[in-house]
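Hello,

Here is the structure I promised to pass on. Please open it first, then read the notes below.

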Amino acid sequence: GILTPHPSHQLCHLLRSNRHDNFRVNGGPFLPDRDQIMAGLFSKQAALYAASRPTYPKDLFAKLAALTPRHGLAWDVGTGSGQAAIGVAEHYDSVVATDVSAEQLQHAAPHPKVRYLHTPDATSGEVLVAAQGGVDLITVAEAAHWFDLPAFYGVARRVLRRPGGVIAVWGYNYRISPVEDMMMRFFRTTVPYWDPRALHAMDGYVNLPFPFEDIGLGREGGPISLDMEHEMSFQGLVGMLSSWSAVTTAKQQGVDLLSEPVVKEMEQEWGGPSLVRTVAFKAFLLAGTPRVE
């Protein structure tokens, strides 16, 4: 169903109140070294990110592939350690996977159809993919909110195949079933340390600009919701939380958000350190095709 705006307006207000004056969440100007900031946030815990983040459901990639008439070239932007690129590669002949973090790419899973490339920002992959002809699918998993969106969307419109090219962006946040209450309490402690651009992810992308034609799989202002089931150990949960950029930022400022007492309390609520639980991440998706101009 269509994802409704997140009920926790107080949290979103807190995040907005922590915005730096030089940041603009809705695609406006950012600090000059914004991509270096993004790379730094995720480089410091690259190995942890690769090991602890959930994989995306296979049927998501099958649905996206069904939307494009051709399956030649795909571009996975902000690929991180390649979680989405590997899924896309099951349906496309070739995948170019780019990221601003060289450290993340060092932990990416190899695949014969995937070419991983380090780029200084999200838009500089344009030259790499344009040289190979029209792009059938662009994917951005858990990263679009970090981009200079007007610049990136301009690139997407230029490189996508006309007609038939599709762009899909998706993400997930702290909403994990059946431990929503525990996650909400922990999330509250992280609020002062989030980069302002993370607000879009916390809002479930309901306010993320997405100026593309609706193709029935989420639209601007109305992302569709997806459940991503994942078998997770307690150590896996702590690892995932440790990979959050806000937790890294807090640690840089001398604040340990995952102190021993906090972890002990979570462990008890989880059901013990050895329990593996089936959890569902509440993901959100927008997909579209370039509008006819």
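Facing away from the buried side are the exposed residues P261 and Q268. Please keep in mind that this is a predicted model.

Now the other side. Helix α13 spans residues 260–270, and its buried residues are V263, M266, E267 and W270. They sit on the same side of α13 because they cover an arc of only 105 degrees around the axis. The cover over these buried residues includes α9 (180–190), β8 (224–233), α11 (234–242) and β9 (276–289). Just after α13 comes G271, with a positive phi of about 120 degrees.

Next, the salt bridges. The count is six.

- E269 pairs with R185, with the closest N and O atoms 2.3 Å apart. E269 is in helix α13 and R185 in helix α9, so the pair ties together parts 84 residues apart in sequence. E269 is partly exposed at 37% relative accessibility. R185 is also partly exposed, at 39%.
- K264 and E267 meet through their side chains at 3.9 Å, N to O. These two are three residues apart in α13, about one helical turn. K264 is partly exposed at 46%, whereas E267 is buried at 18%.
- E126 and R158 form a salt bridge at 2.8 Å, N to O. E126 lies in helix α7 (residues 126–130) and R158 in helix α8 (residues 149–159), so this pair links parts 32 residues apart in sequence. R158 is exposed, with a relative accessible area of 55%.

Best wishes

Technical notes. Residues are numbered from 1 along each chain as its sequence is written. This is a predicted model: local features need pLDDT of at least 70, side-chain atom pairs count only at pLDDT 80 or more; totals for chains, interfaces and linings use all residues. Side-chain values use heavy atoms; hydrogens and water are left out. Buried means under 20% relative accessible area, exposed over 50%, partly exposed in between (1.4 Å probe, protein chains only). Helices (H or I, at least four residues) and strands (E, at least two) are DSSP runs, numbered from the N terminus. The arc is that of the directions from the helix axis to the C-beta atoms. Contact means heavy atoms within 4.5 Å. A salt bridge is a side-chain nitrogen of Lys or Arg within 4 Å of a carboxyl oxygen of Asp or Glu.
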